[in-house]
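Here are my notes for you on this structure. Keep the sequence beside you as you read, and look up each residue as it comes.

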Amino acid sequence: MKKAYNETWIDNLHILNTADHWFEKKLISQEQLESARNAFQQQFYRPGIFVKIGLFIFTLIACSFASGFVSLFLIGNGAGENISVISLICMAGFIFFLEFLIKKNGLYHSGVDNALLYAAMGAAVVPFVSLFDNLEVWQYCIIMFAFAFTATLRYADMVTATSAFLLLFGLLGNIMMKFPIGKAILPFAVMALSAVIYSLVRKDKSTYYERCTKLIEILSLATFYLGGNYLIVREGNALLNDLNLPFAPQIPFAPLFYVFTLSIPVVYIFFGLRKKDRILLILGLVAFALSVYTYRHYFSPFTPAQELAIAGMAMIMLSSALIKYLHTPKHGLSDEQEGKRKLANLEAILVAQHLGQTPVEGNNVEFGGGNFGGGGAGENY
């Protein structure tokens with residue numbers, strides 16, 4: 001599908017952000033930074049966060065007034081057909097102004113375009129809800145997933161990407177609940193779907209969808225763990241089966257979910273450290289904390305105060321030991337805060353831009369000393 005935003009500008013913006021980060025770390029000089037700004041220009045309108053919030057709210061209010069103005073001419077005696085017509089007209093108008101402002105004013109997730117997109121999607125869903133009120137949940141999920149996925153492909157919006165992700169799992173859950181065996185294998189189905197989604201988004205390396213793919217990676221890793229967490233599965237099973245008991249009963253395959261609850265965080269942390277992947281590492285630590293809570297919820301012999309004291313002392317001791325151990329970088333790891341370096345062949349691209357040469361693939365670009373250049377910088381994580 002054709003993308004709404006200028007892909008070249010997005011690539012240039014990505015390069016300029018990387019150049020600014022490198023300049024802050026003293027990996028490139030002021031002259032090299034200026035060369036990057038001159039060679040990779042972009043003309044997006046990108047206001048600050050507070051201006052963006054204000055524009056977003058103002059645009060939503062304007063869309064509401066526009067919808068009300070259109071309804072003055074077409075509203076009838078509450079007929080669903082008139083509401084559907086009004087919604088379709090508003091949707092067409094919102095999309096028109098969205099596309100027009102992106103091309104004319106260079107909007108790029110500036111608040112205005114986000115609000116117009118959400119208003120258009122809301123208006124597009126209304127006719128299906130008002131005219132087809134007898135559809136099942138999974139059918140509504142398919143319709144709304146189609147809208148959200150299409151919007152994500154064109155506009156690379158994080159909210160629509162999240163919506164498409166959640167709708168896909170809502171579709172899976174609703175279908176699985178229709179079969180007797182569906183409730184039993186639902187956790188495994190959630191884990192399988194999460195693994196498939198994660199493997200698919202990991203293959204997308206385009207800068208255009210970078211924020212969306214990172215978000216979906218986080219969500220898929222989270223749902224994969226939650227699908228195998230003993231606490232979630234046990235309590236969810238009681239909720240789905242309407243068991244009004246003081247405690248949720250034991251579930252089938254309990255030992256398997258014990259293994260999942262313990263092993264998945266360990267696997268996340270291991271591969272996060274091995275691959276220098278912050279998403280895996282942070283989610284692994286969060287999942288490990290939830291696993292500890294799961295154990296405490298069912299098996300802990302300590303009181304909450306004792307558990308907090310023990311956990312606090314253990315975390316302080318472990319953090320201090322790791323900070324001291326990694327003060328000198330070891331195995332490519334360091335306790336120094338360092339943003340993830342992106343587009344490591346920036347200098348090669350600059351050379352290619354000015355000399356017409358093809359940059360050599362690889363990450364070992366030298367600005368000075370070290371693998372990543374500048375003052376002996378290494379591949380510290």
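The points below go from the whole chain to single residues.

1. What you are looking at. This is a predicted model, so local features need pLDDT of at least 70, side-chain atom pairs count only at pLDDT 80 or more, and totals for chains, interfaces and linings use all residues. Residues are numbered from 1 along each chain as its sequence is written, and side-chain values use heavy atoms, with hydrogens and water left out.

2. Confidence. The predictor's confidence in each residue is called pLDDT and runs from 0 to 100. The protein chain has a mean pLDDT of 82, and 83% of its residues reach 70 or more. Residues 339–345 have pLDDT below 50; this stretch still has 23 contacts in the model beyond near neighbours in sequence. Residues 354–381 are also below 50, with 61 contacts beyond near neighbours in sequence. A contact here means heavy atoms within 4.5 Å.

3. Overall build. How many helices and strands does the protein chain have? There are 14 helices and zero strands. Both are DSSP runs, numbered from the N terminus: helices are H or I with at least four residues, strands are E with at least two.

4. Burial and surface. Buried means under 20% relative accessible area, exposed means over 50%, and partly exposed is in between (1.4 Å probe, protein chains only). Of the 381 residues, 37% count as buried. The accessible surface of the protein chain is about 22300 Å², and 68% of that belongs to carbon and sulfur atoms. These areas come from the Shrake-Rupley method with a 1.4 Å probe; for residues, only the protein chains shown count as cover.

5. Contacts along the chain. Take the contacts between residues at least 6 apart in sequence. Of these, 64% join residues at least 24 apart.

6. Ser 220. Find this residue in helix H9, residues 210–228. Is Ser 220 buried or exposed? Ser 220 counts as buried because its relative accessibility is 1%. Beyond residues up to four places away in sequence, Ser 220 touches Phe 165, Ser 194, Ile 197 and Tyr 198. A polar atom of its side chain lies 3.0 Å from the backbone oxygen of Glu 217.

7. Lys 178. This residue sits in the loop between helix H7 (158–176) and helix H8 (180–203). Lys 178 is partly exposed, at 45% relative accessible area. Neighbours within four places aside, Lys 178 is in contact with Glu 136 and Trp 138.

8. Leu 285 is partly exposed at 49%, whereas Thr 294 is buried at 4%. Leaving aside neighbours within four places, Thr 294 contacts Asn 229, Tyr 230, Leu 231 and Thr 261.

9. Positive phi. His 109 is not a glycine, yet its phi is positive, about 50°. His 109 is in the loop between helix H4 (80–105) and helix H5 (112–131), and is buried at 6% relative accessible area. Ala 156 also has a positive phi, near 50°. Ala 156 lies in the loop between helix H6 (137–155) and H7, and counts as buried at 4%.

Terms used. Polar contact = N/O pair within 3.5 Å; in protein donor to acceptor, adjacent residues only side chain to side chain.
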